[in-house]
Amino acid sequence: MIFRRKKKPPFEGGGLLLFEKVEEAIRAEKVLKGKNYAVKLVAPPPTLRKGCDLAVEINLVEQMGIERLFRQKDVAYLEVVPLKGGGEVLEIVKVTNFKEATMVKAGNMKLTFDRNTGIILNASGGGCPDIPYLHAQLIDKKLTEAPRPKEIGFTLCALMMDRALVECMELWRKGGI
Amino acid sequence: MMLISGTVPIKGLPLTIGEVRLEEEFLGLNDIKIPCTQGTAALISAALAATEYLKLDPPQVLVVGDNGEGRGSRLLYEYLIKNIPDLLPDVLVLHYCLPIMDLMRKLVESVERCFKKPIMIADAASMYVAKAAGLATKFDIFTPDATEIAFLADPDATHPAYINKHLFDTDVTRTPELVDAAYQLKGAAKLLLVKGTIDYVVRDGEIIDTITEPDIPELEAIGGTGDTITGLVAAFAYAELELHEAAIIAARANRMAGKFAQATPGTKVWQIISQFPDVFKEYLCEWSGVCYVEDNRSVSIT
């Protein structure tokens, strides 16, 4: 009889956490595994290397929740970089005005508020599981009283929604347009 | 059978499979009430409105609670990977979930073991992960919006938050270029319905139709109106319309429902969904040739 070991599928996260020191990378891996994040210690490719020669591969979409966890647990790291591409999260936003409402688009997320009242009317776009939850938390709340997606969400979609909310608050502060 | 899977924003909801019913602002699933808001619930509600009108079997839904931490999403992937060859759906719709590339790869492998391959439709993060893992061409239909087509056309991005800013800044009139790039990079499904000011229906890289009327710009602001289009496409594909016809009619019906609802930026998606029966009654025969519907899953074409 031949025994075949079942092969574990390789982890494909798409993102790297970079560190100044090896011990920081090891601690970060331990903290993340303690919270059930799928991660892997890897050697960063030379083009992305900064600091030490050990990195932690993460599921890039979970970047925002991971960075918040690191702030809470005081875990030191240099930065998060995607394994492919330019390495920068989208910063630019687009604004569309309706008759009495303004829609701000940040990446794949859109947030719309009433220019007279500052109340969030709608949120659309995205596809990560925290988005319908954030939708329920934000709709019908005043911009100034709404929870920040970056405090209660976990994913890059939530990060984009946070960008949209910040821009909406800025427009509202300036008079709604 | 049409199977729709995705996460819903009910923390702690266990993995649940079954038939749903529409209850105004809610979907009823066993004893659970799921709010009909942006996401998988909106997609299911639209699909259900279409199957009810066409007197087809209602969709089977596989949902799980997940607030973004990913535990529910993992259960969803693992259930589908294990059971999809036995469930053997005719149409499989993959929607909201945490994008996990290795699990999506295993799921696609599992689908390929099905005796008869289902029509595979992906939207939201299921579309993101299919593209990121290089599996887009395994799918029959994607339904991206204007930003998401830029993501499909970006050779490197694994999430729309990381698309090249020059692609994000693209004017809507350049959508055909992005469509072309997405096909060149194998980042697109066989059929794309690109949702936007102009809806593009694209088959194997060729734009075969555009839909611009009625023009209801407010729909873009309403959370869930992209999800409803995907639900309609799925239902019409399940009704055995050609996939491009399903996409064209879905885009028209969604716009018309926005008109019927007199949509404003504050309209809720369930108010759009509640218009679908009237839209179908008035226009489906004209648009599709489906003018007489019999019981038991037969659709007569005049």
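# A tour of chains A and B

Start in chain A and select strands E5 to E8. They form an open sheet of four strands in the order E5-E6-E7-E8, with antiparallel pairing. Its edge strands are E5 (93-97) and E8 (120-125) of chain A, and each of them pairs on one side only. From one strand to the next, the twist averages 15°. Keep in mind throughout that this is a predicted model.

**Stop 1: one strand pair in close-up**

Select strand E7 of chain A, residues 109-114, together with E8(A). The two run antiparallel and are joined by five bridges. Now pick out Phe113(A). Which residue of E8(A) does Phe113(A) stand opposite? The residue is Ile120(A). As background, strands of a sheet pair through backbone hydrogen bonds, either parallel or antiparallel.

**Stop 2: the helix across this sheet**

H5(A) lies across E5, E6 (101-106), E7 and E8 of chain A. Compare the direction of H5(A) with that of E7(A): the helix runs at about 30° to the strand.

**Stop 3: the other sheet of chain A**

Hide those elements and select strands E1 to E4 of chain A. Here four strands form an open sheet in the order E2-E3-E1-E4, and the pairing is antiparallel. Which strands stand at the edges? They are E2 (40-42) and E4 (79-82) of chain A. Each has a single partner strand, so one side of each is left without a neighbour in the sheet. Neighbouring strands of this sheet are turned by 35° against each other on average, direction ignored.

Zoom in on strand E1 (residues 14-18) and strand E3 (residues 55-59) of chain A. Five bridges join this antiparallel pair. Next, show helix H1 of chain A, residues 22-34. H1(A) packs on the sheet and touches E1, E2 and E3 of chain A. Its direction makes about 30° with that of E3(A).

**Stop 4: all of chain A**

Zoom out and show chain A as a whole. How many helices and strands does chain A have? There are five helices and eight strands. Trace them from the N terminus and you pass β-α-β-β-α-β-β-β-β-β-α-α-α. The C-alpha trace spans about 70 × 45 × 30 Å along its principal axes. Of the 177 residues in chain A, 47% are buried. Now think about contacts in chain A with a separation of 6 or more: 60% of them are between residues 24 or more positions apart.

**Stop 5: where chain A touches chain B**

Bring chain B into view. The contact takes 44 residues from chain A and 51 residues from chain B. Colour the elements of chain A on that side. E6, E7, E8, helix H3 (130-138) and H5 of chain A each supply at least two residues. Which element gives the largest share of this side of chain A? H3(A) does, with six residues. By type, the chain A side divides into 25 nonpolar, 15 polar and four charged residues.

**Stop 6: two helices of chain B**

Move to chain B. Select helix H1 (residues 40-53) and helix H11 (residues 276-288). Two packed helices are described by the angle between their axes and the distance between the axes. H1(B) and H11(B) pack at an angle of about 45°, with their axes 9 Å apart. That angle makes H1(B) oblique to H11(B). Their crossing is right-handed.

Show the side chains. From H1(B), the contact is made by Ala46(B), Ala49(B), Ala50(B) and Tyr53(B). From H11(B) come Phe276(B), Pro277(B) and Phe280(B). By type, these residues divide into seven nonpolar, no polar and no charged.

**Stop 7: three loops of chain B**

- Select Pro214(B). It lies in the loop between strand E11 (206-211) and helix H8 (225-238) of chain B. A cis peptide bond joins Glu213(B) and Pro214(B), with omega about -10°.
- Select Lys186(B). It lies in the loop between helix H7 (175-184) and strand E9 (191-194) of chain B. Lys186(B) is partly exposed, with 13 other C-beta atoms within 10 Å.
- Select Asp204(B). It lies in the loop between strand E10 (199-203) and E11 of chain B. Asp204(B) has a positive phi of about 50° although it is not a glycine. With 11 other C-beta atoms within 10 Å, Asp204(B) is exposed.

Conventions. Residues are numbered from 1 along each chain as its sequence is written. Chains are lettered from A and ligands numbered from 1 in the order in which they are written. This is a predicted model: local features need pLDDT of at least 70, side-chain atom pairs count only at pLDDT 80 or more; totals for chains, interfaces and linings use all residues. A residue is buried if 20 or more other C-beta atoms lie within 10 Å of its own, exposed if 12 or fewer, and partly exposed in between; C-beta atoms are placed from the backbone. Two residues are in contact if their C-beta atoms, placed from the backbone, lie within 7 Å. Two strands pair if DSSP finds at least two bridges between them. Axes are lines fitted to C-alpha atoms, for helices over the stretch in contact, and angles run from 0 to 180 degrees between N-to-C directions. Ala, Val, Leu, Ile, Met, Phe, Trp, Tyr, Cys and Pro count as nonpolar, Asp, Glu, Lys and Arg as charged, and the others, Gly among them, as polar. Angles under 35 degrees count as roughly parallel, over 145 as roughly antiparallel, 65 to 115 as roughly perpendicular and the rest as oblique. A crossing is left-handed if the near helix is turned anticlockwise from the far one by less than a right angle, and right-handed if clockwise.
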